[in-house]
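Open the structure in your viewer and keep the selection panel at hand. The tour goes stop by stop.

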Amino acid sequence: TLIANVNVFVRGKGYAIVTDDSIYFRYVDRWSSKYTWGGLDPPFEGESVYIKTGQTVFLDIDTPVLNIILIEGELIFEDEQDVHLQAKYIFINNGRLQIGTEEE
């Protein structure tokens, strides 16, 4: 996960003013993107998935029933989404599985 301050520049207007550090950019890989999986299609039924340290994956589609999901990075999705994470085993090893936020 890469967290960085955000500078917003609008051509002809200049930079946006930020009065605190509450705005940040977070790079996230989408589950549905082949680029998340090294140029291959998202995992198929029965496959195992490894989310490495430093990687954040946003679950934006239903998964088939996977064999194992090993999370050492982050796997996140929102409560309000209608997606299903399906696996025989999910292991979280110094990583994070986030479903929504405390406020939701």
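Over how many bridges do strand S8 and S10 pair, and in which sense? Select S8, residues 66–71, and then S10: the two pair in the parallel sense over five bridges. Strands here are DSSP runs (E, at least two residues), numbered from the N terminus. Two strands pair if DSSP finds at least two bridges between them.

A word on the model before moving on. This is a predicted model, in which local features need pLDDT of at least 70, side-chain atom pairs count only at pLDDT 80 or more, and totals for chains, interfaces and linings use all residues. Residues are numbered from 1 along each chain as its sequence is written, and side-chain values use heavy atoms, with hydrogens and water left out.

**Stop one: the open sheet.** Three strands now form an open sheet, ordered S6-S8-S10, with parallel pairing. S6 (49–51) and S10 (87–92) stand at the edges with a single partner strand each, so one side of each has no neighbour in the sheet. Now pick Leu 70: its bridge partner in S10 is Phe 91.

Phe 91 and Tyr 89 form a stacked aromatic pair, 6.2 Å centre to centre with 15 degrees between the planes. Rings of Phe, Tyr and Trp (its six-membered ring) pair if their centres lie within 6.5 Å; planes under 30 degrees apart count as stacked, over 60 as edge-to-face and the rest as tilted. Tyr 89 is partly exposed at 46% relative accessibility, and Phe 91 is partly exposed at 43%. Buried means under 20% relative accessible area, exposed over 50%, and partly exposed in between (1.4 Å probe, protein chains only).

**Stop three: two tryptophans.** The structure holds two aromatic pairs. Select Trp 31 and Trp 37: their ring centres are 5.0 Å apart and their planes stand at 70 degrees, so this pair is edge-to-face. Trp 31 is buried at 1% relative accessibility. Trp 37 is buried at 17%.

**Stop four: strand S9.** Select residues 74–77. Glu 74 and Ile 76 point one way, Leu 75 and Phe 77 the other, and all are buried. S9 pairs in the parallel sense with S7 (residues 56–58) over three bridges. There, Val 57 has Leu 75 as its bridge partner. S9 also pairs with S11 (residues 96–99), again parallel, over four bridges. Phe 77 has Ile 99 as its bridge partner in S11.

**Last stop: the whole protein.** Zoom out. The protein has zero helices and eleven strands. Of its 104 residues, 24% are buried.
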